Amino acid sequence: MALALRGSSRDSFATARKALDSSLVGSSAKDAAHISNDLFAVAVALDSSLSLRRALTDPSRDGKDKGALAQSLFGSKLSSKAGTIVDALVTAKWSSPRDLADVAEWLAVSAQAFAAEQENNLDRLEEELFRFSRIMNTDPELRSFLSPSSNASSEGKAGVVQALLSGKATTQTSELISHLVAHPRGRNIEAGLNEFAQAASDRRNQVIAHVRTAQALTGAQLEKLTKSLSAQVGRNVRINVEVDSAVLGGVSIRFADELIDGSLASRLAQAGRELAV
């Protein structure tokens, strides 16, 4: 779900986000979770059928016709708010059929983040997604069981996640990770967790930086790096720090793939140099 969107898909993504935000106005955490579940179901359906993705993104097909097709397929299964969002998705223009499913999933994650925000748990959600990624790195047996190549059923994987996180994580964290392990969409779990965390963080115009360093940062260093990165990127930055002895010196900084270009890469390098570790 790294949204490397091009051409018309970028504009359509912006339109879809507005449709989601409009639908979430006045919604409770429970309502937002329902919208999220509906959008995840749509993304799964789109992933399961290339012909459906093509039919709903065919540029030669009238938007109303595509909306009617989506209504016939999903209408009775979706809440009215989710239906409005799906209509905005399918009547828009997309550069690639894949983009439609990617954006549907992104919106589903964002709706869960809104639910967490309503319960004052958005910071906790982001931290828990990052922490679970670190657990995956240090527990080969769990990583193998939850990997896309595992012979375990999707239900079995989701059940293990639910059992592991029960009483230890927010409802939204458990729901997102359970969905991810059941429907990885060709990603490894760590990559999916990073993408989900970025979609959640984006709700407040914030990006996530993954920082690898040979030793733990002090509070002053973390504050300095956060300010430097925020200034370089032009948005609020949340930093997740991973201490890795393989990093011999300095820091390694990585943002979500869709945010990195040549000019930004050099600015990130400069920000790293400004940090005295």
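Colleague: Which residue just after α6 takes a positive phi?
Modeller: N120 does, with a phi of about 60°. Bear in mind that this is a predicted model.

Colleague: And α6 itself, how far apart are its end C-alpha atoms?
Modeller: They are 33 Å apart. Helix α6 covers residues 97–118, and at 1.5 Å a residue its 22 residues should span 32 Å, so the two values agree.

Colleague: How many of its 22 residues are buried?
Modeller: In α6, 18 of the 22 are buried, so the helix is mostly covered. W106 is a buried residue, with a relative accessible area of 8%, and the cut-off for buried is under 20%.

Colleague: Changing topic. How many aromatic pairs are there?
Modeller: The count comes to 2 aromatic pairs. One of them is F13 with W106: the ring centres are 5.0 Å apart and the planes stand at 90°, so this pair is edge-to-face.

Colleague: Where in the chain do F13 and W106 sit?
Modeller: F13 is in helix α1 (residues 8–24) and W106 is in helix α6, so to speak distant parts of the chain, 93 residues apart. F13 has 12% relative accessibility and therefore counts as buried.

Colleague: Why is the pair of F40 and F196 called tilted?
Modeller: Because the planes of F40 and F196 are at 35°, with the ring centres 6.3 Å apart. F40 lies in helix α2 (residues 29–47) and F196 in helix α11 (residues 189–201), so the pair ties together parts 156 residues apart in sequence. Both F40 and F196 are buried.

Colleague: Now charges. How many salt bridges does the whole structure have?
Modeller: A search finds 13. Side chains of opposite charge can pair when their charged atoms come close.

Colleague: What does D47 pair with?
Modeller: D47 forms a salt bridge with R98, where the closest N and O atoms are 4.0 Å apart. D47 also meets R185, at 2.6 Å from N to O. R185 sits in the loop between α10 and α11, and D47 in helix α2, 138 residues apart.

Colleague: Is R185 buried or exposed?
Modeller: R185 counts as buried, at 15% relative accessibility. D47 is partly exposed at 28%, and R98 is partly exposed at 35%.

Colleague: Which residues are linked with D47 in a network of salt bridges?
Modeller: R98, D102, E105, R185, R187 and E195 are linked with D47 in that network.

Colleague: And where do K227 and E223 lie?
Modeller: Both are in helix α12 (residues 219–233), 4 residues apart, about one turn of the helix.

Technical notes
Residues numbered from 1 in each chain as written. Predicted model: local features only at pLDDT ≥ 70, side-chain atom pairs only at ≥ 80, totals over all residues. Heavy atoms only, no water. Helix = DSSP H or I, 4+ residues; strand = E, 2+ residues; numbered from the N terminus. Expected span 1.5 Å × (residues − 1). Buried < 20%, exposed > 50% of the residue type's maximum accessible area, 1.4 Å probe, protein only. Phe/Tyr/Trp six-rings, centres within 6.5 Å; stacked < 30°, edge-to-face > 60°. Salt bridge = Lys/Arg side-chain N within 4 Å of Asp/Glu carboxyl O.
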